[in-house]
Amino acid sequence: MVPTDIRRPSAALRDPRWLRWTLLSIALAFVALFLVLPLVAVFGYAFEKGWEVWLASVMDEEARAAIRLTLLVAAIAVPLNTLFGVAAAWLVTRYAFRGKGLLLSLIDLPFAVSPVVAGLVFVLLFGRQGWLGPWLAEHDVKIIFAVPGIVLATTFVTFPFVARELIPLMQAQGADEERAALTLGASGWAMFRRVTLPKIGWGLVYGVILCNARAIGEFGAVSVVSGHIRGLTNTMPLHVEVLYNEYQRTAAFAVASLLALFALFTLVLKQLIGWRVRRAADTETPA
Amino acid sequence: MSIDVTGIHYAYGSAPALRGIDLRVESGELLALLGPSGCGKTTLLRIVAGLEFPDRGRVAFNGRDVTDVGTRERHVGFVFQHYALFNHLSVFENVAFGLRVRRWRLRPRRDEIDRRVRDLLDLVQLGDYAHRFPSQLSGGQRQRVALARALAVEPEILLLDEPFGALDARVRGDLRRWLRGLHDRIHTTSLFVTHDQEEAFELADRIAVMNQGRIEQLADPQTLYTHPASPFVCRFLGEVNELPAALHAHWSGIDDERVTAFVRPHDLEFDDGNDGVRIEGVRDLGANVRVEARHPLLEQPLVALYPRDRYACSGLVVGRSVAIAARRSMLFRGDAPVDAPERAGSALRGLLTRA
């Protein structure tokens, strides 16, 4: 351990007082303007006509359908990406192979591509005029403008979260403990369950939480493939948009406030778990 | 159980790490792989463990070919350099791990596991630490947990990768004497990797000195020290003076052949006379006094070690001109040692002679 506390810069690195205060003010102003104010506005508008109207908007039939759909999509996309993320992280950190760099870039692709483009790709693939469209129509499988399309688009967009969280963690931890488990006679599964999973545990939870937050909040890609069928293919973010476009401002903000609440909850959870991950990483390094 | 390694080649990509290794470890032996970092010793150990697979060559245990057998089926105990303990498990559970993951048919009963783990913890003198976690232990204690964990599955072969590398000097000394004692009791065939020649000498029955993917010499410590097979071995086993010398063979008539005499500091003496050598520095090391001198033709200073009382009556002070004498030297012609019979029939015509 380095004895100096890196969070506290030495006197030599300390900026003059006026500069510190200026920077701090600018940062705080930005946070207030772009984060706090909108959040206050969301709750302000949501409750502007009182508690009962908010409750009615949230308990509305279509709103409830949107909430159910959002949860269903997350319940499918998140486990899928968890599985994929663990497998990809394992592959990238435990094996040397040709095209590893390419795979790493591909994992990041959903971050780089605009979600709308991602949505369009699925329309071009599975839509009525798409490559697989005729075949799908023949077999009476509906993907675009239906729940499977929304699941696909969400899965695509939330693809990198778990893998991105695990790869640096597993790289830092190394594989000696897994090797030790193997020399002690553990099977591949026993090694994974008894050694790897506990090691990456909190990092995995962290990645899953981020993945889940994004899955619930995703708008662009889902908007392209959903078709906005009320009560059927509208997720919460889409439902907010529909309500807003119909000048039902209070109802729109009521549903939006639910999303905001969820985001705040995620933030707190993320902070708590991020702290545990860092602590686990600290004790990992041999003294 | 004996280990036979034959014709092992291994490369990381295009960089060869092992270039034709042949080695036999006898049953019950404690053998050290000694060499500088990057010489391939750890790779060789991992190949024996089944953690790496060689590009060419075979590994056999007791004559049974295990080259293609995975780690899990080789039943070797492996102690990692940085312990690789399971940090989320207690000391007890770390040691019990190898027993708990067995197929249920082979798994000992719960009380049997309990008894065996307790016995092992007593063996490594950590009986009171069963419920601690690895992060609450010192380096030496962690290493002993790692050892107990490896021994729990009753391996017939124990492999140790720089087992004391991460410990401070005092703990390292204690632990290696303890390990030697343990080996004398349980006689598990053991192979361990180290870059520290002192450690190899103190622990091992035999030592394989490795360099650039090859075994330079395999011998017991004494032979290694007195009859090094190459200048590399000679240099690696401790500080040594390299002096140009001329060898005069009585029988061949070849006059004054150029050789290099390797002289250990404790075999070198500075006497009255003048060989063009001047004392340049004297440093008191406690038990010994280190005297450095310089000869105009040599790049490196000459180093001699004197026991402190002998130094006291030697009168060697900085600035004095002296002659040199070697009590014992090892001669090399190029990279090949000059063997004993030849040496007996020759006369060493003065050190520092440029033929």
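About 1900 Å² of area is buried between chain B and chain A, and carbon and sulfur atoms give 64% of it; buried area here is the accessible area (1.4 Å probe) that two parts lose on being put together, summed over both. R72(B), H88(B) and F97(B) supply 26% of the area that chain B buries against chain A, more than any other three residues. The contact (heavy atoms within 4.5 Å) takes 21 residues from chain B and 19 residues from chain A.

This is a predicted model, in which local features need pLDDT of at least 70 and side-chain atom pairs count only at pLDDT 80 or more, while totals for chains, interfaces and linings use all residues. Residues are numbered from 1 along each chain as its sequence is written, and chains are lettered from A in the order in which they are written.

Chain B holds an open sheet of 4 strands in the order β2-β1-β4-β5, with antiparallel pairing; strands (E, at least two residues) and helices (H or I, at least four) are DSSP runs, numbered from the N terminus, and two strands pair if DSSP finds at least two bridges between them. β2(B) and β5(B) stand at the edges with a single partner strand each, so one side of each is left without a neighbour in the sheet. β4(B) pairs with β5(B) over 2 bridges, and F61(B) stands opposite R64(B) in β5(B).

| Strand of chain B | Residues |
|---|---|
| β2(B) | residues 15-25 |
| β4(B) | residues 56-61 |
| β5(B) | residues 64-65 |

After α5(B) comes E154(B), whose phi is positive, near 50 degrees.

Definitions and conventions
Heavy atoms only, no water.
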